[in-house]
Amino acid sequence: MERMEQLIRESLEARAHDVEPTPALWLEVDRRVARRRRFQVVSWSLAGVTAVLAAVLAVPAIVGLFTGPDTIEIPPLDRTPAAGVVSTHVVAIDAEGTVSLVDLRTGETVRELADAAGLGAPLDVVVSPTATAEVVEFAAVSTSGEVLIVGPESEEWGNAGEDRAQDGFAWSVSVSADGRWVATTSPTAESDGSTVSLRPMPSHAIGADPGWREVGPVMDPAHRLVAWTGATADEGDRSTLWLVTGDGLLLSQVVEVTDGVPTSVELGAREEERWRVLDAATSFVQAGADGEASYLLADAAAGPELVWRSATGSVATVDLARTLGDVDVADLWLDAKQDGALVGDGERTWLVAHDGRGAFAEPIALADGFVRAAMLDVARPGGPVTDDPTEDPADDPAAAPVEPDPAQPDGPVVEGATLPAPIVTVSARQLTLHGPDGPQVIAELAVEGESRFISARVRPGSTIDDLTVVALTTAEGMWDLRTVRWVGGELTVFEPFPEPHIPGWGGAAGEGMSPQGPVWSPDGDRLAWFEFGTGPATMRVVGWDDGPGTGDPATDNASFELDTRGQVPLIPVEWVATPGGPSATELRAVALDSNEGWYALPVDVQGDGAVAVDGSGFRVEPGDGTDLVVGVADAGRSEVRWLLQLTFGGPVLVDAAGPQQGRRTELPTALMPGDGLTQLSLRAIGDGALVASPHTGAGYYVTSEGEANRLPGEVFDADVIR
Amino acid sequence: MGVDVLAMVRAGTDSDSFAAVFNAHHRQAVRLAYLLTSDPHQAEDVVAEAFAKVYVRWQRGDVRDVGAYLRRAVANEANSKLRRRYLERAQAQRRAGDDRGVRTVDDSAADHDQVWQAIQRLPDRQRKAVVLRYYEDLSEVETAEILGCSVGTVKSQVSRGLARMQELLAASGGVATSSEGGGY
């Protein structure tokens, strides 16, 4: 054998030198690295942006609909389907092979479930329908062919094919609807095809033979398991394994419990020739029952689409081509439970939810880095049930409008609502004025590069005819503040701040500086923002004299070290006058920490116009619970009128000092970021509030009565002209 | 949020040093990928993806041994390619009735090296174990770590691989492989 080993070494060494890296390799690496870096930046600031609302901007009906010079009417609003029952948790695998339980409401990892780094790239993961966030049970297969099965207090490596297969491995997996069995497809011992093997899931393995056993006929090795419906608990129970062929056809394989083990009795006829199926999933009325709704990821002529079918025959399709972009359909995967589906391409993952009747919301991008994910079931016995056929009309949900359900926090969307004042919004590349003449794009960032608007603040005293806005933009990790002047309906200035007024100037915040803000002083004579980097947290204040800087050393440009006391970076949200006299102001900030309340930083304006910050900032606790405050707004008054909180169930707008004081309005889940970063924008407008998400691009005008009206187009941030 | 942003911004300034990492390791990575996939074009694709994944951890400072981490990433990426090729081969079989529909092995390299031909005919798992053991000179423990399996599995895969190669080479009649034998 030593001779053989020597021959192998010599051969491998010789063959290795047959190849030389091409010069294009580094370019390709650089391109892929740049893409990952871009995703990171985007996922911080803009992830989850839904781009499709731009078309609404073009709706001409807005012209002439306003009822007064300072009141505009929102054009026909984009209906946001009230979310049905969508799981709050997913099991996600990142590129490093770490399997985690992720809370979709916050995007945060609840806990790590397993380290599957040794498994290679994940091919499939499925969560047991009986799993809960507290007790997660799932199975996954990967390119290594290994099967990872995790149950209560167990993590085991199984392999359905190692001893029987010489040329292949398990590559698809499914768990029975009652959570009792896990099945994989793997090559047969004779390598003449593949077959289904199964074994009990860990929570049902006590007293059972935990080994794998083949149960099915020899099949084409390209067949993949995608779902398993029906019961497997009792002798004679029949259930159905669903498989997708390499040609995109859906097959059913009926298995019957015989001597305690599900055994194949027939391989069903081909179905679903209407679509070329890439992947499929089934949701359940309750664990152990047949699927009542199914999802197909189909390769349609116009690109990938998601197909939803209810038990009563209703069908709705969603075109995913624009969302997914240029992808290899072979990389696409699907997982779905109840009214939510996850779709991914191996690098990115989207949540596509509907209202329970097939009216889909825009896909929401989850954080970059998840290469595979599966939803937890929320229709456990005793849990909410959505796919109740008795509630589902037979008509086509795609054709029938969804009636708003006042009980749902995501609805209703009131059409014809009016804005009490003109506003400015930013989307990824556009800064838009929503005035009496309807939406007008004021400024656009160049398409080249990765430039994005992050925020925009209107200078106090501006009007729609003489408007000054400062916008924060980013491109490839660099940050700019830009002056936007809009006078008489024309853009007169759209320029980055010059030195020394640019973010990061002076280097006080250290390397890797990123700014938060800006905010205007109440009189509009100065602008402030926070800078965070490797150095101390810094507050920058720049005087304004028809532009950044005054030329007066007292007011031109100042930096103050912020005492954040170990807190996560503060986000300045407004700068208001306080009752302590004309020089007394207060800069308010929020922090994405776990503390209730917001932060107040007294800022004193000296006689020469210079600002003084004495460092006596303090935290203000509203005392109405422990929810995280991510926004405060007061419409120019010193008293906080609105609080924006993140609760377990999603964002909540609290009337802190208005006529409905204490009322809590649950806001649409479209504002909920899927990437774990919970920064939202809140501004007071009239007697209501503007709320926007830089993560999902959803913006709402919420009236004093608590009605949420979706603003047209993408809205990452909004501010009021007053 | 600040921490994330810091990492991102740092990432925007470190391309030069990552280029140094690339220069130090890319050639060996491409060769390993080629031995695992038999396809020089796929090898570059595998290595590009592996470097991109290494980068994510490297820029966070999580990678102490880039070479080892890269080796693992290459093995995993090669796995992915091999699986897809398996499916392509299966589809080609359905189309053409045999496996001539897809020919992914580099012909020029295969035709003059019977040992290499035999290596390529090994099942994927055996082949990976053999390449990592005899080309990368990894221990069984290191090989097991990369393949994500037990040391026992590595031993059995290598053992089966060697036995299978002896059969293949004996059948071809071109190479004497026992210790007592001569050479080619």
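# Helices in chain B, strands in chain A

Student: At what angle do H7(B) and H9(B) cross?
Tutor: In this predicted model, the axes of helix H7 (residues 124-134) and helix H9 (residues 151-172) of chain B cross at roughly 95 degrees and come within 8 Å.

Student: What does that make them to each other, H7(B) and H9(B)?
Tutor: Angles of 65 to 115 degrees count as roughly perpendicular, so H7(B) and H9(B) are roughly perpendicular to each other.

Student: Which residues make the contact?
Tutor: On H7(B) they include Arg125(B), Ala129(B) and Tyr134(B), and on H9(B) they include Val154(B), Gln157(B) and Leu162(B). By class, the contact of H7(B) with H9(B) has six nonpolar, four polar and four charged residues.

Student: And H8(B), how does it pack with H9(B)?
Tutor: Helix H8 (residues 140-147) of chain B packs on H9(B) at an angle of about 100 degrees, with the axes 8 Å apart. H8(B) is therefore roughly perpendicular to H9(B). Glu140(B), Val141(B), Thr143(B) and Ala144(B) of H8(B) meet Val151(B), Val154(B) and Lys155(B) of H9(B).

Student: Switching to chain A. Are the residues of E49(A) buried or exposed?
Tutor: Buried. From strand E49 (residues 699-702), Gly699(A) and Tyr701(A) point one way, while Tyr700(A) and Val702(A) point the other way.

Student: How many bridges join E48(A) to E49(A)?
Tutor: Four, and the two strands run antiparallel. Leu690(A) has Tyr701(A) as its bridge partner. The hairpin has six residues between the strands, and Gly697(A) in the turn has a positive phi of about 80 degrees.

Student: What stands opposite Tyr701(A) in E50(A)?
Tutor: Asn709(A). Three bridges join E49(A) to E50(A), again antiparallel.

Methods:
Residues are numbered from 1 along each chain as its sequence is written. Chains are lettered from A and ligands numbered from 1 in the order in which they are written. This is a predicted model: local features need pLDDT of at least 70, side-chain atom pairs count only at pLDDT 80 or more; totals for chains, interfaces and linings use all residues. Side-chain values use heavy atoms; hydrogens and water are left out. Axes are lines fitted to C-alpha atoms, for helices over the stretch in contact, and angles run from 0 to 180 degrees between N-to-C directions. Angles under 35 degrees count as roughly parallel, over 145 as roughly antiparallel, 65 to 115 as roughly perpendicular and the rest as oblique. Contact means heavy atoms within 4.5 Å. Ala, Val, Leu, Ile, Met, Phe, Trp, Tyr, Cys and Pro count as nonpolar, Asp, Glu, Lys and Arg as charged, and the others, Gly among them, as polar. Buried means under 20% relative accessible area, exposed over 50%, partly exposed in between (1.4 Å probe, protein chains only). Two strands pair if DSSP finds at least two bridges between them.
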